[in-house]
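The sequence and the model are shown first.

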Amino acid sequence: MNGPWAYNGNCQGGGGSYRLEIDCVGYDFTAFPPILGQYTAREDLPVGQAGTVACFGPNWSSAGWGMGARIFRL
């Protein structure tokens, strides 16, 4: 976890892609219907590229507190 609201990760070795996920408690107005409570933010990236996934979205479209995070290959 990178502070209580974001997760940095990187997956190395081989090809393919991997996923970063963070479980958040807050709100997400980008979802339909909008979420107030627990939600998961995720990002899929190519292996070898570092990434960050956060509970905060652009223009405060989502904001929350991170409860746990994970990284895994797809």
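The largest nonpolar core consists of 12 residues: Y7, C11, Y18, L20, I22, C24, Y39, A41, L45, V47, V53 and C55. Such a core is a set of buried Ala, Val, Leu, Ile, Met, Phe, Trp, Tyr and Cys residues joined through side-chain atoms within 4.5 Å. Strand 2 (17-28) and strand 3 (35-46) each supply at least two residues of this core, and strand 2 gives the most, with four residues. Helices (H or I, at least four residues) and strands (E, at least two) are DSSP runs, numbered from the N terminus.

This is a predicted model, in which local features need pLDDT of at least 70 and side-chain atom pairs count only at pLDDT 80 or more, while totals for chains, interfaces and linings use all residues. Residues are numbered from 1 along each chain as its sequence is written, and side-chain values use heavy atoms, with hydrogens and water left out.

One of the core residues is L20. Not counting residues up to four places away in sequence, L20 touches Y7, G9, A41, R42, E43, L45, G51, T52, V53, R70 and I71, where contact means heavy atoms within 4.5 Å.

The structure holds three aromatic pairs. Rings of Phe, Tyr and Trp (its six-membered ring) pair if their centres lie within 6.5 Å; planes under 30 degrees apart count as stacked, over 60 as edge-to-face and the rest as tilted. W5 and W65 form an edge-to-face pair, with 6.4 Å centre to centre and 65° between the planes. This pair links distant parts of the chain: W5 lies in the segment before strand 1 (6-9) and W65 in strand 5 (residues 62-73), 60 residues apart. Another edge-to-face pair is F56 and W60, at 5.3 Å centre to centre and 90° between the planes.

The table lists accessibility for the residues of these two pairs. Buried means under 20% relative accessible area, exposed over 50%, and partly exposed in between (1.4 Å probe, protein chains only).

| Residue | Relative accessible area | Class |
|---|---|---|
| W5 | 39% | partly exposed |
| W65 | 51% | exposed |
| F56 | 36% | partly exposed |
| W60 | 58% | exposed |

S17 is found in strand 2 and counts as partly exposed, at 28% relative accessibility. Leaving aside neighbours within four places in sequence, S17 is in contact with L45, P46, V47, R73 and L74. The C-alpha atoms of S17 and S62 are separated by 25 Å, and these residues are 45 residues apart along the chain.
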